[in-house]
Amino acid sequence: MADYLLSLITFFPLMGMMILLFIPRDNEGLLKSFALGVTLVTFLISLPLAFDDVFAVSGGMQYREFHEWISIGSFFKMNYNIGIDGISLWLVMLTTFIMPIATLSTWKAVDKNVKGFMALLLLLETAMLGAFVSLDLFLFYIFWELMLIPMYFMIGIWGGKNRIYAAVKFFIFTAVGSLLMLVAIIYIYYYAASTGAPMEGFGVQEFYRLGIPSAAQHWLFLAFAFSFAIKVPMFPLHTWLPDAHTEAPTAGSVILAAILLKMGTYGYVRFAIPLFPEALQTYLPLLAFLSVFGIIYGSLVAMMQDDVKKLVAYSSVAHLGFVMLGIFALNMQGMAGGIIQMINHGVSTGALFLIVGFIYERRHTRQISEFGGLAHKMPIFATIFLIITFSSIGLPGTNGFVGEFLALVGAFESELRWYAVVATTGVIFAAVYMLWMFQRVMFGKVTNPENEKLKDLSVREIVIMLPLLLFVFWIGIYPNTFLSKMNPAIEQLLNQVKSKQVAVVEPVQPVIAQTLELK
Amino acid sequence: MENLGQIAMQNINMAAIMPSVVLSCFGMLLLLVSVFSKRGRTTHVAWMSIVALVVTAAVTVSSWNNPQEGFAGSVVLDNFAIFFSMIFIIAALLTILISDGYLRREGYPVGEYYPLILFCTAGAMWMASGTDLMTIFLGLEVLSVSLYVLAGFFRGDVRSNEAGLKYFFLGAFSTGFLLYGVALLYGVTGSTKIAAIAQHVSEMPAVIDNPMMIAGSVLLLIGFLFKVGAVPFHMWTPDVYQGAPTPVTAFMSAGPKAAALAALLRVAIIGLGSIQADISALFWLLAVLTMIAGNFIALSQTNIKRMLAYSSIAHAGYALVGIVAWNQIGLSAILFYMLVYTFMNIGAFAVLVLAGKKGEENLTLEGFAGFGYKRPFLGVAMCIFLFALMGLPPTAGFAGKFFVFAGAVKAGYIWLAVIGVLNSAVSLYYYLRVIVYMYFRDPKEDFAWVKLEIPAVVSILLAIVGVLALGIVPGPVMELAKLAGF
């Protein structure tokens, strides 16, 4: 059982989708319950991963599965090669955790072609999980591209007024980046094959040890970094994000923000940084600059929005800037902060999109000016909204604080000190745009008569929010549960990177690379 | 005289041409059958032609790994020819399955249609197995003449007439080029056999600079590139593809294109192998121009059939990338890609066939608004084919492009691979636009509605199976393609 646990988790939603296709399309209740059931079971079977203490002691890949998949004589070998370490563990958990919540949020929001939506939702879950667990670049690429199709349809069919523009833009932006990455992947494969180094198909762990010549590293890194930067998204490649977020249905926005954007940051951690450590040194200042610029720019633009959903979308650009800055610090605190912040962003921005969805379902508008004084009419909603707002700002005691603090400390202690100083102002901006928005929507008198008859959250809606609130406080108060399991993996990753970078300056000590490789 | 006859008999070896003989005999038989059939009843001819194709496939495959050379070395049934022959047979099979209902609907239930497809397939098989330029020329003529008739098959339809005539005139010109090239090469090397030409060139390298040799090679290549539809010899494709009956277009875009590529590969790699660097450089340019022109012109099309015509130019460009690479992966990738292309492109055309009604085919983007909701099966099928044409995993289109570009990267043509993938990115836009209309727009009120005919549905299902199976487990077929390389 444990031997195939990861495959089971990854493909369980897909199996669910196959069965779902046989449910009659008129039976919308059953379709929704079934999809919810599948995502819940996926979450339950993934729980043992989170409680496994092996991640606290070993930074290597666990739950490995390895099968030959495509083998074409002397041409290629692609393997079904999966596994997780303490970093991907939490992203897998985040995915299986968010999906039931996203499914539950569709109960009232999705009313046309429910069957199609649920099928796409489940397909998307398999694709995302597959991308997080893949240790073979070819396999990763397949899942990575597979994610596009369901999200494209979700935005295009169930989205808002401008959905077609947003869907096509989302698709083309992401696909262009990944196509260049594909050429880079092929190049690495042939380079590895030509050196005669031990390799297992497109196995990324073997590629780590490759020591690609720096001239080639630059191009390869740019191809990977470009592709991931679109997904993160980093300024100036972020323009698809506000459109996609604003037009997507609530469940789509939640998944997009909570999980899909993490693909980009995860791509840096798993692929771009450890594969091309030398090139990273060259481009680090540029990337750090873009991260910080993203923080400031995202915050300022968010401040100026009059649509709540757009505001949350731009705040994503800023939050992901913190994640990237933490990762680029290339030290324990920074990396841990970046990864924790990935989870945090998933929880709090996911929650914010749900909240926007709640009021949109009631009023069919998201204009801030249409609201005001909602706190009087919807006290439970107001409480939850406030907590999430604090979490998004990064108030101590909530999860956002832990992530941003670690990321900034990490950056401050690294060579990115001055970037960190500038980035810190982003925290203030976050307080400005979030609190200002909260004030305009929730406080004051009810000026718009339409708002008089608003109902507070239903039981279903409260049930959706409770697990998210739990993690807001859990990560905020006792982050060690999560940090302790990701530390060994981060340490191994950083040693990997540093050893390769040191090797450039002092070619005498390349031995470190091997001793640190726990297999 | 007697002596000569003996030598010739020994060298004949009918096994080398058995597949095309079988197919041609069936074709002639079916001509007779359709003469004696009641007017307007052709379904049995269609079924018999399917039997013919299945029998031919069995005959063809039986020579796998057992190459047969015949007619004093002017034809050879090697793995290469067999692989391509299977592509033609699959293309013909899928086409015939979608044709019957379509022809009846459009009012041309004429039995001759099926023998023509069979003759065309037989000609294609000749081209793939020809090792003598004259054999290849014969195959090309059989293929082309059948196609001229098929393109103009709807004789009451102006566009179809235009397609037939245009194809005939331009095709005749290109064949003239080809033949002239053969003559010049014969003048220089003293032979029309590909191997003999290659040997002559390698023994006397100076001959490469002979203007006659250069002119001959170029004219020969032009003849093939015309059939492939490569830029700058692509001008005929959009009009002919758009005007011809849709199943014929489906067939034309897959079978004959693959046949021309097969002949081109044999001539280029075996015959002109000694000037590999020049050929690679030339095809580098051709591949880039073909990809760019095909994709960028397709962007502005509003007629789906015409859009697919331009996209087929672009796909020819991807295949040419494999020639540039000039290595085993590149070559095998071309074979694999043409097979994949047959499935995905004929699949897409099959959906178009079922999307229209008599007289007014539903081919404009506008006509496809809300198509996915009105015709769920066809909508999903079209999506699968379009995603394959885009080259997205897990479809076979991705595997095919992956192998082609891998060949290029391995040979060091990284920029060519980059241009190739960027072209794929451009193609996303026009393929996605069809999906946008099918699913993201509201259905029109008056909607052409044709019954889902079982044979056509079978054809679509076969194509879907092909596209997905070759995408998820490309290994075995790619292995075969590798064995089929030179």
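**View 1. The largest nonpolar core.** The largest nonpolar core comprises 401 residues, and A:Phe76, A:Phe153, A:Phe224, A:Tyr268 and B:Phe84 have the most contacts inside it. Helix α14 (residues 328–355) of chain B gives the largest share of this core, 22 residues. Because domain 1 (1–275) and domain 2 (283–477) of chain A both contribute residues, the core lies between them. A nonpolar core is a set of buried Ala, Val, Leu, Ile, Met, Phe, Trp, Tyr and Cys residues joined through side-chain atoms within 4.5 Å; buried means under 20% relative accessible area, exposed over 50%, and partly exposed in between (1.4 Å probe, protein chains only). The model is predicted: local features need pLDDT of at least 70, side-chain atom pairs count only at pLDDT 80 or more, and totals for chains, interfaces and linings use all residues. Residues are numbered from 1 along each chain as its sequence is written, chains are lettered from A in the order in which they are written, and side-chain values use heavy atoms, with hydrogens and water left out.

**View 2. The largest pocket.** The largest pocket holds about 1,400 Å³ of space. Its lining numbers 36 residues, with A:Met17, A:Leu120, A:Leu123, B:Val380 and B:Ile384 the closest to the centre. A pocket is an open set of points on a 1 Å grid over the protein atoms alone where a 1.4 Å probe fits, with protein on both sides within 12 Å along at least five of seven lines; lining residues have an atom within 4 Å of a point. By class, the lining of the largest pocket has 29 nonpolar, five polar and two charged residues.

**View 3. The second largest pocket.** The volume of the second largest pocket is about 660 Å³. Among its 26 lining residues, A:Trp158, A:Gly159, A:Gly160, A:Tyr360 and A:Arg366 lie nearest the centre. Helix α16 of chain A provides the largest share of this lining, four residues. The lining of the second largest pocket divides into eight nonpolar, seven polar and 11 charged residues.

**View 4. Cis peptide bonds in chain B.** B:Val231 and B:Pro232 are joined by a cis peptide bond with omega of about 5 degrees. B:Pro232 sits in the loop between α9 (211–228) and α10 (236–243) of chain B. The bond from B:Pro393 to B:Pro394 is also cis, with omega near 0 degrees.

**View 5. Positive phi at B:Ala72.** B:Ala72 is not a glycine, yet has a positive phi of about 50 degrees. B:Ala72 is partly exposed, with a relative accessible area of 42%.

Definitions and conventions:
Points joined across faces, edges and corners; volume = space filled by probe spheres on them. Nonpolar A, V, L, I, M, F, W, Y, C, P; charged D, E, K, R; others polar. Helix = DSSP H or I, 4+ residues; strand = E, 2+ residues; numbered from the N terminus. Domains from an automatic or database assignment.
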